[in-house]
Amino acid sequence: MKTKKLTFLGLMVGYSLILYILETYIPNPLIVFFPGAKLGLTNIITLISLLIFGLKETFIIVTVRVILSSIFTGPMSYLLFSIGGAYLSLILMYLATKIKGFSTIGVSIIGAIGHNLGQLLVASVIVENLLVVTYLPFMLVTSLVTGFFVGLVSKFCYPKMVKVGGSLIEINR
């Protein structure tokens with residue numbers, strides 16, 4: 001991997017961690033209606049990375065972010081929830097980018113749904129009860145809201161990131 005590309009990947013991990021930490025300080029209005037709901041700001045970086053680099057490099061960014069953010073937050077269960085949500089989200093977003101007709105916002109909503117589904121599946125394995133998945137309809141509502149927000153921010157940030165990183169890396173097209 002070229003040094004400039006590796007540097008840009010490192011910056012993306014850094015941006016992702018900053019957004020992760022920042023999100024812990026932002027009051028979340030959705031938590032009143034949907035306990036456990038988060039805005040998912042780190043998915044902005046995941047989506048932009050997927051659009052710029054493709055699956056392989058974004059997988060690396062997500063893996064490093066998941067490991068480091070889990071170290072910051074503490075319990076091992078956070079790592080399991082992060083892995084389940086992040087990887088399913090990444091896979092579904094990647095598949096959505098390969099289907100014509102999905103906008104950046106649509107891909108983001110698919111990713112948010114995948115993230116929530118992945119976390120609920122991990123929760124059902126941990127508590128050994130598949131009934132945890134009955135919380136999915138409530139989480140789908142939050143997925144629409146947060147996925148729309150993340151997609152909208154990503155849509156406006158993507159051209160700027162391409163401009164900054166375009167001279168450093170080969171854009172995935």
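When I say helix or strand today, I mean a DSSP run: at least four residues of H or I for a helix, at least two of E for a strand, numbered from the N terminus. With that in hand, hello everyone, and please keep in mind that this is a predicted model.

Let's start with the fold. Reading along the sequence, we get α-α-α-α-α-α, and the count is 6 helices and 0 strands. The chain has 173 residues, and 43% of them are buried. If you take contacts with a separation of 6 or more, 69% of them join residues 24 or more positions apart. As for the surface, the chain exposes about 9,600 Å², with carbon and sulfur atoms supplying 74% of that.

Now to helix H2, residues 42-52, where Thr42 sits. How many of the 11 residues of H2 are buried? The count is 10, which leaves this helix mostly covered. Among the buried ones are Asn43, Thr46 and Ser49, along with Ile44, Ile45 and Leu47. Thr42 itself has a relative accessible area of 6%, and buried means under 20%, so Thr42 is buried. Leaving out residues up to four places away in sequence, Thr42 touches Ser16, Leu19, Tyr20 and Arg65. After H2 comes Gly54, with a positive phi near 105 degrees.

In soluble globular proteins, nonpolar side chains tend to be buried together. Here, the largest nonpolar core holds 17 residues, and Met12, Ile48, Ile52 and Phe53 have the most contacts inside it. Which elements give two or more residues to this core? They are helix H1 (3-25), H2 and helix H6 (136-166). H1 provides the largest share, 6 residues. There is also a second, separate core of 10 residues, and Leu50, Val66, Leu79 and Ala96 are included in it.

H3 has 19 residues, so at 1.5 Å a residue it should span 27 Å; the end C-alpha atoms are 26 Å apart, which agrees. The buried residues of H3 include Glu57, Arg65, Ser69 and Ser70, as well as Ile61, Val62 and Val66. The cover over the buried residues of H3 includes H1, H2 and H4.

The chain has 2 aromatic pairs. One of the questions I had was how the rings of Phe59 and Tyr87 are arranged. Their centres are 4.9 Å apart and their planes meet at 20 degrees; planes under 30 degrees apart count as stacked, so this pair is stacked. Because Phe59 lies in helix H3 (residues 55-73) and Tyr87 in helix H4 (residues 76-97), the pair ties together parts that are 28 residues apart in sequence. Phe59 is partly exposed, at a relative accessible area of 41%.

My last stop is Gly118, in helix H5, residues 104-126. Is Gly118 buried or exposed? Its relative accessibility is 4%, so Gly118 counts as buried. What does Gly118 touch, not counting residues up to four places away in sequence? The partners are Gly84, Gly85 and Leu88. For a distance to check on your own screen, the C-alpha atoms of Gly118 and Ser82 are separated by 8.6 Å, and these two are 36 residues apart along the chain.

Definitions and conventions:
Residues numbered from 1 in each chain as written. Predicted model: local features only at pLDDT ≥ 70, side-chain atom pairs only at ≥ 80, totals over all residues. Heavy atoms only, no water. Buried < 20%, exposed > 50% of the residue type's maximum accessible area, 1.4 Å probe, protein only. Contact = heavy atoms within 4.5 Å. Areas by Shrake-Rupley, 256 points an atom, 1.4 Å probe, with all protein chains shown as cover. Phe/Tyr/Trp six-rings, centres within 6.5 Å; stacked < 30°, edge-to-face > 60°. Core = buried A, V, L, I, M, F, W, Y, C linked by side-chain atoms within 4.5 Å. Expected span 1.5 Å × (residues − 1).
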